[in-house]
Amino acid sequence: MAEMELKSVRKAYGRVEVLRDIDLTIGDGEFVVLVGPSGCGKSTLLRMIAGLEPITGGEFSIGGRCMNDVAPRDRDIAMVFQSYALYPHMSVERNMGFSMEIRREPTARRKGPVAEAAKTLGLDRLLDRFPKALSGGQRQRVAMGRAIVRDPKAFLFDEPLSNLDAALRVEMRLEIARLHQRLGSTMVYVTHDQVEAMTLADRIVVLNAGDIQQVGTPLDLYERPENLFVAQFIGSPNMNVMDAAPGQGGLILGSGAVLAGPEDARHVGIRPEHIEIVEGGGDVTAEAQVVERLGSDTNIYTEVKDIGPLLVRVSGNIALSPGDKVHLRFPPGKVHFFDAGGRAIRAARDKVQ
């Protein structure tokens, strides 16, 4: 069993609190991704799980056993870092089996697990090569293979794809997803890239300034963010947010447009891909300023008088140029409402869906 449980876990460096009252349960075999901006505490939390950072307060357990004072080597956890940390003078085979070598396992016993891991990761033809003869993606596979050979209860990944180019990131993301499907092991993954989080995770933990903002499935966080921070952090491009005030007939936006919504809403959010371009009428009129044609989609950066910039994403191409006027409609079921403190007002949105 590799179920992990954190109860009121804290981390402080002197008077500086980095993490506060973290309560989280990670199920056996679950893939959980920790996301958040730089400095939010996600890597620190991962290092505490690994035993590389002491816990200031609270309790961390694996399979019901308290791990607060257990040494990293005794936690039966393998970690894959942003840096590949391969030994340049060792072959791929020896790098992958080095954990067994330092345990003085016989060479014959090491070959089986290394060969199996290499086959899983497509490295079986590269076992005699040295790290300098490998691409970045291949080196990262070797680092993952080294972790697999240990046959741990759980895998921890600390931004393992940050050093790769865009194409390799996609390739390695698929490799990690397939690896989880094959092994069924508990995995905890840290990234600042929300695309990685949305595509890999069973559940996402969103952190900000040392606090958990929301925990849920990728679609939960996308469709039902609990606050403004999560709403704007999850989703690419970011959610558009407009100020609102109560008025006759509903909520008044800066342009004077009226939207149906709760009286206590002070912010209205809508994702770029949910805004509709209509022939006439609509909720607001905007001026296109920049048009980005991406092939499959088009991003239109617009400006709305007395509201400010709004980003619109449409599928495919659209005959639009900078300076053109467009009428925008906000479908009621796609609008998010937030109170003055940034907390989501869900009842109002659910009512119109």
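Visitor: Which hand does the crossing of α5 and α6 have?

Guide: The crossing of α5 and α6 is right-handed, where right-handed means that the near helix is turned clockwise from the far one by less than a right angle, and left-handed that it is turned anticlockwise. This is a predicted model, in which local features need pLDDT of at least 70 and side-chain atom pairs count only at pLDDT 80 or more, while totals for chains, interfaces and linings use all residues. Residues are numbered from 1 along each chain as its sequence is written, and side-chain values use heavy atoms, with hydrogens and water left out.

Visitor: At what angle do the axes of α5 and α6 cross?

Guide: They cross at roughly 20° and come within 10 Å, the axes being lines fitted to C-alpha atoms, for helices over the stretch in contact, with angles from 0 to 180 degrees between N-to-C directions. α5 and α6 are therefore roughly parallel to each other, given that angles under 35 degrees count as roughly parallel, over 145 as roughly antiparallel, 65 to 115 as roughly perpendicular and the rest as oblique. Helices here are DSSP runs of H or I with at least four residues, strands are runs of E with at least two, and both are numbered from the N terminus.

Visitor: And which residues of α5 and α6 meet?

Guide: From α5 there are G137, Q140, R141, M144 and I148, which meet L168, E171, M172, E175, I176, L179 and L183 of α6, contact meaning heavy atoms within 4.5 Å. The residues of this contact divide into seven nonpolar, two polar and three charged, with Ala, Val, Leu, Ile, Met, Phe, Trp, Tyr, Cys and Pro counted as nonpolar, Asp, Glu, Lys and Arg as charged, and the others, Gly among them, as polar.

Visitor: What about α4 and α5, how do their axes cross?

Guide: The axes of α4 and α5 cross at roughly 135° and come within 9 Å, which makes α4 oblique to α5. P113, V114 and A117 of α4 make the contact with G145, I148 and V149 of α5, and the residues divide into five nonpolar, one polar and no charged.

Visitor: Changing topic, what volume does the largest pocket have?

Guide: Its volume is about 630 Å³. A pocket is an open set of points on a 1 Å grid over the protein atoms alone, where a 1.4 Å probe fits, with protein on both sides within 12 Å along at least five of seven lines, and lining residues have an atom within 4 Å of a point. Grid points are joined across faces, edges and corners, and a volume is the space filled by probe spheres set on the points.

Visitor: Which residues are closest to the centre of the largest pocket?

Guide: Of the 19 lining residues, the closest are I77, M79, S99, R146 and R150. By class, the lining of the largest pocket has 13 nonpolar, one polar and five charged residues.

Visitor: Which element gives the largest share of the lining of the second largest pocket?

Guide: That is α4, with four residues, in a pocket that holds about 240 Å³ of space. Its lining has seven nonpolar, two polar and three charged residues.

Visitor: Where is P237 found?

Guide: P237 is in the loop between α9 and β11, and the peptide bond from S236 to P237 is cis, with omega near 0°.
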